[in-house]
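Hi there,

Here is the structure I promised to pass on to you. Have a look at it first, and then read my notes below.

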Amino acid sequence: MELFSEERSAEVVAASFGEAADPRLRHVMTSLVRHLHAFVKDVELTEAEWATAIDFLTRTGQKSDASRQEFILLSDVLGVSMLVETVNHRATGDSTESTVLGPFHVVESPPREVGDSIALDDKGTPCLVSGQVTGPSGEPVAGATVDVWQANEDGFYDVQQPGIQPAGNLRGLFHTDAEGRFWFRSVVPRFYPIPSDGPVGELLAAAGRHPYRPAHLHFIVTAAGYRPVTTHVFVAGSPYLDSDAVFGVKESLVRDVPLVDDPARAATAGLDNPFRALTFDIGLLHS
Ligand SMILES: [Fe+2]
């Protein structure tokens, strides 16, 4: 084996992974080593900076548990989550664009019936959320699974406030009807800060970056024979649409949440008239 040298460090270390039996592991590790070594040489990393980085990553792991995922947050604020999502799910035609999963899909969404309310604590501004899931030819997708979750009016997910919010608040797992439609009662989402009391928050503060995400509702839609899509719908006019801390906004995912004056529809939905309505149709690609 060639001995380590500053000039050829990347080649020497990459070669040590060159015999890995798994070709993908070989490719990923040799590329990772080349980029890491180029980075260290580019910034001429000091020993103190290296120690700071080790401490930062250690604390990122220590901050993570079953309901707090600091590593996903780190990936998010570096734009890596968004990039991985984007290169793996390139939308075509009228299919719905994807965006980040985010760190709060840490519990199973409770199964619910179309028309149910997911706002278990009755806080916030009521909102009727509805849409239709269709395939590439516009065909309705019956029986699609629509998994939704969102923060409450104060900007927190249920898992961040055990004992304050009921478990499963503002989460639901729905199935589309025969026409591919879904609808449920919720509340108008609000912008919120990603958790900033850990290492990722320190990084943002040191860089002069704010931790806010524009108002949104998360979706994962799956159906047999179609590619799943992980996405959000964003509320038009929300603060931070142009500076999302995790780079998740795509123009095609922004929707108005108008005040609707329709007493009959309000009565059917179980809402006071007038009411806010968020419509988000979802186009899937064949798998
Ligand atoms: Fe979110």
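Which helices do the buried residues of helix 4 pack against? They pack against helix 3 (47–63), helix 5 (80–88) and helix 6 (199–206). Packing here goes by contacts: two residues are in contact if their C-beta atoms, placed from the backbone, lie within 7 Å. Helices (H or I, at least four residues) and strands (E, at least two) are DSSP runs, numbered from the N terminus.

Before you go further, please note that this is a predicted model, where local features need pLDDT of at least 70, side-chain atom pairs count only at pLDDT 80 or more, and totals for chains, interfaces and linings use all residues. Residues are numbered from 1 along each chain as its sequence is written.

Back to helix 4, which covers residues 70–77. Six of its eight residues are buried, namely Glu70, Ile72, Leu73, Leu74, Asp76 and Val77. A residue is buried if 20 or more other C-beta atoms lie within 10 Å of its own, exposed if 12 or fewer, and partly exposed in between. After helix 4 comes Gly79, with a positive phi near 75 degrees.

Now the overall picture. The protein has seven helices and 12 strands, and 31% of its 287 residues count as buried. Its C-alpha trace spans about 80 × 40 × 30 Å along the principal axes. There are two domains, domain 1 (1–45) and domain 2 (75–283), with bounds that come from an automatic or database domain assignment. Their centres, taken over C-alpha atoms, are 40 Å apart.

Ser9, Ala10, Val13 and Ala14 in helix 1 meet Thr30, Val33, Arg34, His37 and Ala38 in helix 2.

Finally, find Tyr240 in the loop between strand 8 (229–235) and strand 9 (254–255). Tyr240 has 18 other C-beta atoms within 10 Å, so it is partly exposed. Not counting residues up to four places away in sequence, Tyr240 touches Phe191, Tyr212, Arg213 and Pro214.

Enjoy exploring!
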